[in-house]
Amino acid sequence: MLDGLLDGYTRSLLIFAGINVIAAYSFYAPFKTGQVSLGQAGFMAVGAYASAVLTQKFGMPFAVALIFGGVVAGSIGVVVGFPALRIKGIYLLLLTLGFAEIISVIALSWDYVGGAQGFRNISFNPFTLEYVIGVIVVLLVFFARLERSSLGRAMDSIHQDETAAEVMGIDVVRIKLLAFGFGAGIAGLAGALYAHHATYMDSTTFSIMLAVEILMFVVVGGGSTYWGPLFGAAVLNAIPEFLRALREWLELVPVEWTNFYPVNRAYDFLHDFLDFENAKRLIAFGVILIVMMILRPDGLLTRDSLRWLRLPRWKVRHA
Amino acid sequence: MIYQQLINGLMLGASYALIAIGYTLIFGVLKLLYFAHGEVFMVGAFVGLYLVILGGANIYVALLGAMIACAMLGVIAVYVSVRPVAKNRPLAPLISTIGLTIVLQNLAVYIFGGQQVGFPETVKQELYNFGPITVSSVQIFILAIATTLMVVLWLFIEHTKMGRAIRATAENHETAALLGVNVNRVVLITFMIGSGIAGVAGVLDGIKNSGISPFIGLGAAVKGLIVMLLGGLGNVPGAMVAGLLLGMIEILSAAYIGTTERDFFSFMILILILLYRPTGLFGTRMTEER
């Protein structure tokens, strides 16, 4: 469908950005009830390994494996979510972090899924981009509908004050568990899509740093609206590419324009500055994160800024 | 054999304990999960290494230098990622210290490169035999430094005015402030002490493993967190004992079960503690959940 329009590099870039968007929504779902998880990378790993086992060892088509990956990760999410109900805040953060590490140890020591050599030769899915776009559209519609539904409002009220929500007759346990399991399921989808695009993974692919990046997408984009995760993941994935493009434009400037004294220094400085390998990219991310927490702790997009922007919304009935 | 393993566990545990002490002190006074602590440990290791390689310093100077540099880094951390951040959002300081973690780790990658760097032999390697167990001079050195630090810190917290102020602040910010404690200064000094100890732990880790890389921080941070929980949040002697305990458990499980399963056990301990004994093995004064 999109074959003619995009070259391989752009395509791959869009796929990884899209998978990050999906992962950001997997963090957003439990976050809507106030649960902060550093285990989303672990659920991605569960979905990735489960789906890859299905396509490679049982010869199933990708569509089946994708759903299977989501369901397995979601079920494990519910299993982890049960004990997680008892704890909050940093305790939950540490619990989910511990869960993700255990998943990574299992991936490392279980030879059936490749063990230390990693899971190799996963069948490549040529339609990953179409799948990614499809999943994002479904998620966007779902969360847009959710925001104005009674379930969505119940989730918001749990986020704001759990005790008050319970007193109002909201089934806090059921909704928190649902949100946690659903988030894990979305992470599973992201993992399955990743595995069948990268075709290789090992126990370090889904690391704590990935979980931190996922958290960052939502925090930077804004965790209080459903546009936030999409926006955050898109912006943070676009920044390095944008700077790279700037550098390429800079190289198009004719040499004779810049090869005299003050300009050449400035040119070299700018050229070096825009050379964005991984360490510099991550340093910039870290600085952005700190500055964000000081200036806009609720993220770039909040409900107020959306109202100001008048982005499309489902009809509101004011009570 | 088992005695030998226990000695090795003690060694590993001593460095866990040193990291966890800083965590638990900082958590005590700020109720903040300070994510960048592992990176302070890593920076300490690099400062020590460069003092030895470039400055030709002996190991004591390197330890002291790392301690001072990390204490300063702790102060910077407070001013950059703790004080300016919104107080009314529980997540904000956590995320800003995650940001600091990412910055420090990747600055180290940028400056020192992503590879493992060898740590020169600074303590003369000799082996001593005590009946069935063999202990090296390096092990004795590390244990001695770690024990001294822990005893000094314990005396400081229990028997000095500043130590009392730290305990009072950990109990309750408002009450401590009412009683004339300068809470901001206490927070700053706590960060300095915790970070300084982490710096020493970093250098000791470099000596022990004879190599360091910019990525050692994250693992150290996670193990430090487990130890902090095991010992009880904000409980300094608890962190010391729990550190030694976790070190022993890891070494024993690595020796008798398998090296890949080692981390499995420590994370299972983390989860079990969180679910069944959130106050840790030795209790905690913290009741507030965040």
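**Figure 1. Surroundings of A:S26 in the predicted model.** Beyond its neighbours within four places in sequence, A:S26 is in contact with A:Q40, A:G183, A:I186 and A:A187. The model shown here and in the following views is predicted. A:S26 belongs to helix α1 of chain A. The relative accessibility of A:S26 is 0%, so this residue counts as buried.

**Figure 2. A salt bridge between A:E130 and A:R11.** The side chains of these two residues meet with an N to O distance of 3.4 Å. The pair links distant parts of the chain: A:E130 is found in helix α5 (residues 128-147) of chain A, whereas A:R11 is found in helix α1 (residues 8-31) of chain A, and the two are 119 residues apart. Both A:E130 and A:R11 are buried. Over all chains, the count of salt bridges comes to seven.

**Figure 3. A salt bridge between A:R174 and A:D171.** In this pair, the closest N and O atoms are 3.8 Å apart. How accessible is A:D171? Its relative accessibility is 42%, and A:D171 therefore counts as partly exposed, since that class lies between the limits of 20% for buried and 50% for exposed.

**Figure 4. A salt bridge within a helix of chain B, joining B:D205 and B:K208.** The N to O distance between the two side chains is 4.0 Å. Why are B:D205 and B:K208 separated by about one helical turn? The reason is that they stand three residues apart in helix α8 (residues 183-209) of chain B. With a relative accessible area of 10%, B:D205 is buried. B:K208 has a relative accessible area of 26% and is therefore partly exposed.

**Figure 5. The hairpin of strands β2 and β3 in chain B.** Strand β2 (residues 127-130) of chain B pairs with strand β3 (residues 133-136) of chain B in the antiparallel sense, over four bridges. Which residue of β3(B) is the bridge partner of B:F130? The partner is B:I133. Two residues lie between the strands of this hairpin, and B:G131 takes a positive phi near 60 degrees.

Terms used:
Residues are numbered from 1 along each chain as its sequence is written. Chains are lettered from A and ligands numbered from 1 in the order in which they are written. This is a predicted model: local features need pLDDT of at least 70, side-chain atom pairs count only at pLDDT 80 or more; totals for chains, interfaces and linings use all residues. Side-chain values use heavy atoms; hydrogens and water are left out. Buried means under 20% relative accessible area, exposed over 50%, partly exposed in between (1.4 Å probe, protein chains only). Contact means heavy atoms within 4.5 Å. Two strands pair if DSSP finds at least two bridges between them.
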